[in-house]
Amino acid sequence: MSNQPDLVITNATVVNALGRQEAHIVIREGRITALVDAAEAAPDAARTIDASGKLVIPGGVDGHCHVAQVTGRFRTLDDYRTTSTAALWGGTTTIIDFGIPRDAQETPLAAVLHKKELATESRCDVALHGAVISWDETVPWQLEQLAAEGVRSVKMYTTNRGTTMADGGTILKVMREMVRLDGLTYIHAEHDAIIADCTEQHAQDGRIGIGHLHRTRPELAEEVSVKETLAMAEYTTAPVYFVHQSTPGAVDLVTEARRRGLEAYSETCPHYVTLADSVYGSKFPEWFACCPPMRNAETVAALKSRLAAGAIHTMSSDHSCYDLSQKRERTDDVRAMPHGLPGVETRMPVTFTTMTSSGASVEDFVEVFSAGPARINAVPGKGRIAEGFDADLVIFDPAEERTVDGPALHMGTDFSPFDGHALTGWPAVVISNGRVVLDAEGFHDPGAAGRFITRNGFRQHQSAIPAAAAHAAAATL
């Protein structure tokens, strides 16, 4: 067997979350085997790519995707082949999906095993979160089985009564189990009673169409729910991760909890730091149907500043692939519409453009795009360009600008909420597990090459972080 590397990326400006270096990146059998100082000669390889003048960052880790998701009578139009292909086009090489029970008959374990089977068609690596809606005596055993499968996080919703909502007792009990199993509790935080009442008041007034979505789900509902959930996390000592935070107040609550020693994390999404609630008065308000909704311009600016300052730990897409025909079925009633936006492919340029325009560094971008999601979700081998890590890499020009053309993207839908936006920082070359899947010649379908990633225990993984990385993580406290 030849000792020649499979691939060498020469003259690379390697940017990790903790700094950058000039190096040749040596890849063999899907892993990074060495970083050779750029002042030295690059080793011969079966293939060489010259990255001169560009940056090389770790492949993106999107910790919040919904693939082939069934919610009520709606099903997203994608499958793993479609979403993973779009992810790779957008510089994301690992996605984490959710196994959410489709109805009362499907158990949390069955939901995850179903998604794991579907994921065998993925073009990129996949991990999974579980989900619990209601508590019964089988839940502890099911969570043990999920942990044995490498699924070390469980999502619960504090709203959506009658479908996905978990009550306070269920959340508390699941948190205790996740502590026992060294897992992470994911929370969709919106106070259900406030939202239900506010929505009903709007319905009675005849203001329940899509143009009023942002008024039916107030910022207060999110922040009250975050506060209540943090109290339960403090009581149970459970690590907790808040998905798609849309207000600076919600982020500040997590920041304050971390100062008190809680293991709490804030995620936001590209649309919450770029789009204001004025979109609901636009020509196509249905393009922006999601929960939580977009907030006012002042809130967006404050959230964006917290992202640039490092108070937000991850940037996820919350990818949900409905099309406009589904969105337009019931624009007259937000209660009957499917909510969620396509975004796995545009997460990289939207995040990069937003952060760097606010004064954040490329290293800061790498932290929320790749390193932070990999570390917090205990995904081994991801989020860093270093010897022994998976060869998931993106070569990109930070000055390259493109205008988003929603229908021309690869997400299996016919729109993008960022249609017409000029964005910088697009991938030129994407390497997944050592395979070049995107370059100047286009997309090279690797087939169903994505692997199911077995995740580590949360605290086990955090304790194994190298000292320098741990110091950087602590700096956000």
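This report describes aromatic ring contacts in a predicted model.

## Basis

The model is predicted: local features need pLDDT of at least 70, side-chain atom pairs count only at pLDDT 80 or more, and totals for chains, interfaces and linings use all residues. Residues are numbered from 1 along each chain as its sequence is written, and side-chain values use heavy atoms, with hydrogens and water left out.

## Aromatic pairs

The structure holds eleven aromatic pairs. Rings of Phe, Tyr and Trp (its six-membered ring) pair if their centres lie within 6.5 Å; planes under 30 degrees apart count as stacked, over 60 as edge-to-face and the rest as tilted.

Phe352 and Phe396 form an edge-to-face pair, because their ring centres are 5.3 Å apart and their planes stand at 90°. This pair links distant parts of the chain, 44 residues apart: Phe352 belongs to helix H11 (residues 347–357) and Phe396 to strand E18 (residues 393–403). Helices (H or I, at least four residues) and strands (E, at least two) are DSSP runs, numbered from the N terminus. Phe352 is buried at 3% relative accessible area, and Phe396 is buried at 0%. Buried means under 20% relative accessible area, exposed over 50%, partly exposed in between (1.4 Å probe, protein chains only).

Phe365 and Phe369 are stacked, with 5.0 Å centre to centre and 20° between the planes. Both lie in helix H12 (residues 362–376), four residues apart, about one turn of the helix. Phe365 and Phe369 are both buried.

## Cluster and charge contact

One aromatic cluster is formed by Phe284, Trp287, Phe288 and Phe415.

The charged end of Lys155 sits over the ring of Phe98, 4.5 Å from the ring centre. The criterion is NZ of Lys or CZ of Arg within 6 Å of the ring centre and within 35 degrees of the ring normal.
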